[in-house]
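Let's take a look at the charged pairs in this one. Have the sequence and the model open side by side.

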Amino acid sequence: VQYATYAAAVLASGLARTGQRDDATEVLAPLAARGFDVFHAQIWFRGTVDLGDAVELLGDRAAAAVLRDRLAPFEGRIAGSNFSFSRPVSQALCQLALRLDDLDGATAIAHRAIAASRRRGTPIFLGRELILFAAARLRAGDTRGELAAAVDEAFQIAEATGAHLINQDAERYGLI
């Protein structure tokens, strides 16, 4: 059962990222009915981070608030399980803050995540965090010119690593 609910979280995120919003919403419905309290033990981090991606993409503010509260104590950690890792919890928290229009919170989280990725030497994480930072600042009123250095660095990372999700996120957030 735990792996089926985890698979639903991953599927919902994938469907939302590919524009299949109705299907993603349908997959999320049983998880939402249980208050998103569906993961335990080693898959909790991964499943909850994937749910954060899906609800941000779908625009679900109520679910975003629930998941942000659950993930907040784990900011700075990388979500993982016994057999794999996903991404920094800070990325999910930043996405959820953006969905909740908490631009100061999103900026602060992204700033800390960028610093952590620079320390860790994790360029793909860094590229996504630069985009999240720029998205928060753009919504807060900064100009594209003011954000050009961060966005350009993210694009350079995408080009060097093939991490085109960075480019997709930049487009989705209106940065290109």
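Which residue forms a salt bridge with arginine 118? That would be glutamate 153, with the closest N and O atoms 2.8 Å apart. The two sit 35 residues apart, arginine 118 in helix H6 (residues 103-120) and glutamate 153 in helix H8 (residues 144-161).

## Ground rules

This is a predicted model, where local features need pLDDT of at least 70, side-chain atom pairs count only at pLDDT 80 or more, and totals for chains, interfaces and linings use all residues. Residues are numbered from 1 along each chain as its sequence is written, and side-chain values use heavy atoms, leaving out hydrogens and water.

A salt bridge here is a side-chain nitrogen of Lys or Arg within 4 Å of a carboxyl oxygen of Asp or Glu. That rule gives 10 salt bridges. Helices are DSSP runs (H or I, at least four residues), numbered from the N terminus.

For reference, buried means under 20%, exposed over 50%, and partly exposed in between (1.4 Å probe, protein chains only).

## Aspartate 169 and its partners

Aspartate 169 forms a salt bridge with arginine 17, closest N and O atoms 2.9 Å apart. Aspartate 169 is buried at 2%, while arginine 17 is partly exposed at 27%.

Aspartate 169 also meets arginine 128 in a salt bridge (3.0 Å, N to O). Arginine 128 lies in helix H7 (residues 123-139), so the pair ties H7 to H9 across 41 residues of sequence.

## The network

Arg17, Arg128 and Asp169 belong to a salt-bridge network that also includes Asp53, Glu56 and Arg172.
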